[in-house]
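Visitor: I am new to this structure. Please show me how to read its main features.

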Amino acid sequence: MAESVVLDPVDLHLLRLLQNDARATYRDLAAQVGVAPSTCLDRVTRLRRAGIILGHQLRLDPAKLGRGLEALLSVQVRPHRRELVGPFVERIRALPESRTVFHLTGPDDYLVHVAVADMADLQRLVLDGFTAHREVARVETRLIFQQWDCGPLLPPEPAGITPAAKSG
């Protein structure tokens, strides 16, 4: 497991701001956290080098790209052996419909978030992209009606400090 990095309140504030707007300038970030722009640049550079900031992503609207139907596919692979895992994951990641792949514990081995054009496209994907491969024992499909993003990811609060206790 990766080691956590000690972050001070300025680092946490920067991470919160960058997660809400990754295009913010160093000058704007510095003004919001109360440090000089050069200090802000140094801190963000340090956070990148430490592997805390992994990159920047452009988010697209799947519906406006002709992929208005999204689903979660629970996939069971049998036999679930190391020599099948790598090739299976790479094949699924290469599918243009795949958005995210999770390797799980429990009865299902994988959860795959996909975006397709319509029900016929979803059926084609399940039959040709998944169940046509002999290691795929089962696929269970759940349609996504709506999704919401959640707040910024920050480290857990130290023991004994709750959000209510911090606010007063």
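Visitor: How do the residues that line the largest pocket divide into nonpolar, polar and charged?

Guide: The lining has 19 nonpolar, eleven polar and seven charged residues. Ala, Val, Leu, Ile, Met, Phe, Trp, Tyr, Cys and Pro count as nonpolar, Asp, Glu, Lys and Arg as charged, and the others, Gly among them, as polar. This is a predicted model: local features need pLDDT of at least 70, side-chain atom pairs count only at pLDDT 80 or more, and totals for chains, interfaces and linings use all residues. Residues are numbered from 1 along each chain as its sequence is written, and side-chain values use heavy atoms, without hydrogens and water.

Visitor: Which elements supply at least two residues of that lining?

Guide: Helix H1 (9–20) and strand E2 (98–103) each do. H1 gives the largest share, four residues. Helices (H or I, at least four residues) and strands (E, at least two) are DSSP runs, numbered from the N terminus.

Visitor: In what order do the elements run?

Guide: From the N terminus, they run α-α-α-β-α-β-β-α-β-α. The radius of gyration is 21 Å, well over the 15 Å that the globule rule gives for 168 residues, so the protein is more spread out than a compact globule. That radius is taken over C-alpha atoms; the rule is 2.2 Å times the number of residues to the power 0.38. The C-alpha trace spans about 55 × 35 × 35 Å along its principal axes.

Visitor: What share of the residues is buried?

Guide: Buried means under 20% relative accessible area (1.4 Å probe, protein chains only). Here, 28% of the 168 residues are buried.

Technical notes: Buried means under 20% relative accessible area, exposed over 50%, partly exposed in between (1.4 Å probe, protein chains only).
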